[in-house]
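Thank you for asking me to look over this structure with you.

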Amino acid sequence: MEGIQTIELLLFMILMLLVILCGYLFFGQESEKKEKNGMNAKNFKLSQRQKSSATRKGARLISLKTGKTEKIEKTMWYIGKDMGNDYVIRENPAVSRRHGCIIWKDGNYYLSDMNSLNGTFVNGNEVREGEKFRLSDRDKIVLADEVFEFQEYEEG
């Protein structure tokens, strides 16, 4: 039993490192470019937040199985069976603990696979780990055997 707990802890630590790496890949490089151009990271984050709130499109994810609808209200919005995710799918063992991530960046939403066991697909196209797949209104997202519809709408 203790060996299983150790393995679970190691897997959790690896997952956290992947989350940190994902955040750096999507946000860190852009911040470094801005710093080189004379804008420090604090001002960059503030200007991005101001820009996002002024021009951000609203989005939601709808489960076609249950009808459950959730608004996507973060720049990195996680989906999986772990209770720490923004959209939790507890009843399906085919869904990974942290299966995928919807990312808001540069005025668009993207889907990224978080090294899931059973795959992530958009309109039948596989999203591989480390890739960002740009989402459009009414896209069909499949996580393992769960099917969702991604919807965008104008806020305000």
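The points below go from the chain as a whole to particular residues.

1. Before anything else, please keep in mind that this is a predicted model. The chain contains 2 helices and 11 strands, and when it is read along the sequence the order is α-α-β-β-β-β-β-β-β-β-β-β-β.

2. Among the contacts with a separation of 6 or more, 43% are between residues 24 or more positions apart.

3. The largest nonpolar core is made of 21 residues, and those with the most contacts inside it are Leu61, Ile79, Ile102, Tyr109, Leu135, Ile141 and Phe150. Two or more residues come from each of strand 1, strand 3, strand 5 (100-105), strand 6 (108-113), strand 10 (140-143) and strand 11. There is also a second, separate core of 6 residues, which includes Met76, Cys101, Tyr110 and Met114.

4. Which residues form one aromatic cluster? They are Trp77, Tyr87 and Phe148, in a structure that holds 4 aromatic pairs. One of these pairs joins tryptophan 77 to tyrosine 87 in an edge-to-face arrangement, with 5.9 Å from centre to centre and 65° between the planes. This pair links distant parts of the chain, since tryptophan 77 belongs to strand 3 (residues 76-80) and tyrosine 87 to strand 4 (residues 87-88), 10 residues apart.

5. Why does tyrosine 87 count as buried? Its relative accessible area is 3%, and because buried means under 20% relative accessible area, tyrosine 87 falls in that class. The ring of tyrosine 87 also pairs with that of phenylalanine 148: the ring centres are 5.3 Å apart and the planes lie at 90°, so this pair is edge-to-face. Here too the pair links distant parts of the chain, with tyrosine 87 in strand 4 and phenylalanine 148 in strand 11 (residues 146-154), 61 residues apart. Phenylalanine 148 is buried as well, and tryptophan 77, with a relative accessible area of 4%, is likewise buried.

6. The charged end of lysine 68 sits over the ring of tyrosine 87, at 4.3 Å from the ring centre, while the charged end of arginine 98 sits over the ring of tyrosine 78, at 3.9 Å from the ring centre.

7. Serine 63 lies in strand 1 (residues 57-63) and is buried, with a relative accessible area of 2%. A polar atom of the serine 63 side chain lies 3.3 Å from the backbone nitrogen of lysine 65. Leaving aside neighbours within four places in sequence, serine 63 is in contact with Lys68, Tyr87, Glu146, Val147 and Phe148.

8. Lysine 71, in strand 2 (residues 69-71), is partly exposed, with a relative accessible area of 46%. Apart from neighbours within four places in sequence, the residues in contact with lysine 71 are Ala59, Arg60, Trp77 and Tyr153. Between lysine 71 and tyrosine 87 there are 9.4 Å in space, C-alpha to C-alpha, and the two are 16 residues apart in sequence.

9. Finally, two backbone angles deserve a careful look, because most residues other than glycine have a negative phi. Asparagine 115, in the loop between strand 6 and strand 7 (120-122), has a positive phi near 65°, and its relative accessibility of 45% makes it partly exposed. Asparagine 123, in the loop between strand 7 and strand 8 (125-126), has a positive phi of about 50°, and with a relative accessibility of 42% asparagine 123 also counts as partly exposed.

Notes:
Residues numbered from 1 in each chain as written. Predicted model: local features only at pLDDT ≥ 70, side-chain atom pairs only at ≥ 80, totals over all residues. Heavy atoms only, no water. Helix = DSSP H or I, 4+ residues; strand = E, 2+ residues; numbered from the N terminus. Buried < 20%, exposed > 50% of the residue type's maximum accessible area, 1.4 Å probe, protein only. Polar contact = N/O pair within 3.5 Å; in protein donor to acceptor, adjacent residues only side chain to side chain. Contact = heavy atoms within 4.5 Å. Phe/Tyr/Trp six-rings, centres within 6.5 Å; stacked < 30°, edge-to-face > 60°. Lys NZ or Arg CZ within 6 Å of the ring centre and 35° of its normal. Core = buried A, V, L, I, M, F, W, Y, C linked by side-chain atoms within 4.5 Å.
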